Amino acid sequence: MENNETTPKPAEAAAAPRPHAGPHSGPHAGAGPRRPGGRRFAPRRKVCRLCAEKIQLVDYKQAQIVKTFCTDTGKILSRRITGACAKHQRQIMRAVKINRNLSLMSYNG
Ligand SMILES: [Zn+2]
């Protein structure tokens, strides 16, 4: 047979309509509505201070450490402010309450 040339079909790929290659091929425009002024603080990653110092157990006798997690008025600062992890926040709470009982810390100021 002399007619062994395979006839390529170039029109198939070129003429195939690609429905998604049109106006939707641009970068994503919809990144979500962002309210201006919705976030006042720069996103700063808080790391637990006690974990960073590798303090396994908060000792109530180390009142100077415990006091850093309290306000001047003797209130325990929340995790949102201190950035302490849950494990250490529990230990801080216990230590503060022990220290108050031992009058190493005051209840108010
Ligand atoms: Zn921690």
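**Helix α5 and its surroundings**

Tutor: The buried residues of α5 pack against α2, α3 and α4. The model is a predicted one.

Student: Which residues of α5 are buried?
Tutor: They are His88, Gln89, Gln91, Ile92, Ala95, Val96 and Asn99. Each is called buried because 20 or more other C-beta atoms lie within 10 Å of its own.

Student: How do you know on which side of α5 they lie?
Tutor: They cover an arc of only 160° around the axis, and therefore they are on the same side of α5. On the other side of α5, Ala86, Arg90 and Asn101 are exposed.

Student: What makes Ala86 an exposed residue?
Tutor: The limit for this class is 12 or fewer other C-beta atoms within 10 Å. Ala86 has 9, so it is exposed. Ala86 lies in helix α5, and its C-alpha atom is separated by 9.2 Å from that of Cys48, 38 residues apart along the chain.

Student: How do you know whether the length of α5 agrees with its number of residues?
Tutor: The helix has 16 residues, and at 1.5 Å a residue these should span 22 Å. The expected span is 1.5 Å times one less than the number of residues. The end C-alpha atoms of α5 are 23 Å apart, so the two values agree.

Student: Which elements does the chain contain, and how many?
Tutor: It has five helices and zero strands; from the N terminus on, the order is α-α-α-α-α. Of the 109 residues in the chain, 12% are buried.

Student: What makes up the largest nonpolar core?
Tutor: Nine residues form it: Leu50, Val58, Tyr60, Val66, Phe69, Ala84, Ile92, Ala95 and Val96. Helix α5 (residues 86-101) supplies the largest share, three residues.

Student: What share of the chain's contacts join residues at least 24 apart?
Tutor: Among contacts between residues at least 6 apart in sequence, the share is 65%.

Student: What makes the phi of Lys54 worth noting?
Tutor: Most residues other than glycine have a negative phi. Lys54 is not a glycine, yet its phi is positive, about 60°. Lys54 lies in the loop between α2 (49-52) and α3.

Student: Where else is there a positive phi?
Tutor: Just after α5, Ser103 takes a positive phi of about 55°, although Ser103 is not a glycine.

Student: Why are Lys54 and Ser103 called exposed?
Tutor: The limit is 12 or fewer C-beta neighbours. Lys54 has 6 inside 10 Å and so counts as exposed; Ser103 has 8 other C-beta atoms within 10 Å and is therefore exposed.

Student: Why is Gly74 called partly exposed?
Tutor: Gly74 has 15 other C-beta atoms within 10 Å, so it is partly exposed: this class lies between 12 or fewer and 20 or more. The place of Gly74 is in the loop between α3 and α4. Gly74 and Met105 are 31 residues apart in sequence, with their C-alpha atoms 7.5 Å apart in space.

Student: Which residues does Tyr107 touch, and is Tyr107 buried or exposed?
Tutor: Not counting residues up to four places away in sequence, Tyr107 touches Gly74 and Arg100. Tyr107 is found in the segment after α5. With 11 other C-beta atoms within 10 Å, Tyr107 is exposed.

Terms used. Residues are numbered from 1 along each chain as its sequence is written. This is a predicted model: local features need pLDDT of at least 70, side-chain atom pairs count only at pLDDT 80 or more; totals for chains, interfaces and linings use all residues. Helices (H or I, at least four residues) and strands (E, at least two) are DSSP runs, numbered from the N terminus. Two residues are in contact if their C-beta atoms, placed from the backbone, lie within 7 Å. A nonpolar core is a set of buried Ala, Val, Leu, Ile, Met, Phe, Trp, Tyr and Cys residues joined through C-beta atoms within 7 Å. The arc is that of the directions from the helix axis to the C-beta atoms.
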